Amino acid sequence: MKTKPYLKILLFAALFIQGNAFAQTYPVYLCGNATVILKPTLVTINTGEQIVWVETTSGSDVQVQSGTTQNYTTPTNLTVGEHSYKVYIISAAPNSCPGDASAIYKIYKLPTSTLTLATASLPRYCENAGLNSTMVATSAPASSLPTGVSYNYTWTATKDGASIASSSVGSNATSGLTNTFTVNTTTPGSYALTVAANYEVPSGSTLKSSDNAGCSEPASATNTVVVAPKPGQPTIDFQ
């Protein structure tokens, strides 16, 4: 039996909506022990009125703050995952007249992660061999990351103990949660490379981290690649 054209359109629309339901992004992401201050906006709050904050995570309402303090600061020990909140106001006179609750506001607490750096594929090569050496850094989150969240990798380098730009040593590229640095310099020397990684959130969102660096995870090791000079060019003589 053939599917009628309009049924195909409805089916496509349903699948599109369902697929995008899992593409949730958040205005604020937290990592580490970072907090965010939530505040009621676009409303006049009169003297003596009570502001009530409610956490609605997991579909159940839990009052987390009530009083004349307008803003609510999330705790430092939020569990990993989505957290949602709403706020409403109770009038001062009479004091039993609550206003409508705000729309739900959602934030996301990111998991901890571990960064590892694999041994260089070629710890030593000759300057004229046309070879290179690769090293792979991998960030492993303690639980799956939400849509649009990834890692930004930063490499630092030294040559014979002196700091140099990593771009003068080679280049790196990211694939999924893994970043590969390729050492391709032909200048002899001993090159030590270290990598750090921090969270990167969707454009338009804010990341609040307890270390002010995107909850960066230091590498567990530094890799060294030696580019050996080619032997000198001899001449021929006789004796």
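**The tyrosine pairs and their surroundings**

Author: Let's start with Tyr72, which is buried, with a relative accessible area of 7%. Bear in mind that this is a predicted model. The ring partner of Tyr72 is Tyr85; the two form a tilted aromatic pair, 5.7 Å from centre to centre with 50° between the planes. Tyr85 counts as buried too, at 1% relative accessibility. Tyr72 sits in strand β5 (residues 72–73) and Tyr85 in strand β6 (residues 81–90), so this pair links distant parts of the chain, 13 residues apart.

Because Tyr26 lies in the loop between α1 (5–21) and β1 while Tyr108 belongs to strand β7, the pair ties together parts that are 82 residues apart in sequence. Tyr26 counts as buried at 6% relative accessibility, and Tyr108 is buried with a relative accessible area of 13%. Tyr29 comes in here too: ring pairs link Tyr26, Tyr29 and Tyr108 into a cluster.

Strand β1 (residues 28–31) and strand β7 (residues 105–109) pair in the parallel sense over 2 bridges, and the bridge partner of Tyr29 in β7 is Tyr108.

Now widen the view to the sheet that holds these strands. It is an open sheet of 6 strands, in the order β4-β3-β6-β7-β1-β16, with mixed pairing. At its edges stand β4 (62–67) and β16 (206–209); each has a single partner strand, so one side of each is left without a neighbour in the sheet. Neighbouring strands here are turned by 25° against each other on average, direction ignored.

There is a second open sheet to find, made of 4 strands in the order β8-β10-β14-β13 with antiparallel pairing. Its edge strands are β8 (113–117) and β13 (170–175), each with a single partner strand, so one side of each has no neighbour in the sheet. The twist averages 15° from one strand to the next. Within this sheet, 5 bridges join β8 to strand β10 (residues 133–141), and the two run antiparallel; Thr114 stands opposite Ala140 in β10.

What about the packing of side chains? The largest nonpolar core has 29 residues, and those with the most contacts inside it are Met135, Tyr153, Trp155, Val183, Leu193 and Val195. Two or more residues each come from β1, β8, β10, β11 (150–159), β14 (178–183), β15 (189–200) and β18 (223–228). Of these elements, β15 gives the most, with 5 residues. Apart from this core lies another, of 13 residues, and Tyr72 is among them, along with Ile51, Leu78 and Ile107.

One last point concerns confidence. The mean pLDDT of the protein chain is 89, and 91% of its residues reach 70 or more. Over residues 5–22, though, the pLDDT is below 50, and this stretch has 2 contacts in the model beyond near neighbours in sequence.

Technical notes
Residues are numbered from 1 along each chain as its sequence is written. This is a predicted model: local features need pLDDT of at least 70, side-chain atom pairs count only at pLDDT 80 or more; totals for chains, interfaces and linings use all residues. Side-chain values use heavy atoms; hydrogens and water are left out. Two strands pair if DSSP finds at least two bridges between them. Axes are lines fitted to C-alpha atoms, for helices over the stretch in contact, and angles run from 0 to 180 degrees between N-to-C directions. pLDDT is the predictor's confidence in each residue, from 0 to 100. Contact means heavy atoms within 4.5 Å. A nonpolar core is a set of buried Ala, Val, Leu, Ile, Met, Phe, Trp, Tyr and Cys residues joined through side-chain atoms within 4.5 Å. Buried means under 20% relative accessible area, exposed over 50%, partly exposed in between (1.4 Å probe, protein chains only). Rings of Phe, Tyr and Trp (its six-membered ring) pair if their centres lie within 6.5 Å; planes under 30 degrees apart count as stacked, over 60 as edge-to-face and the rest as tilted.
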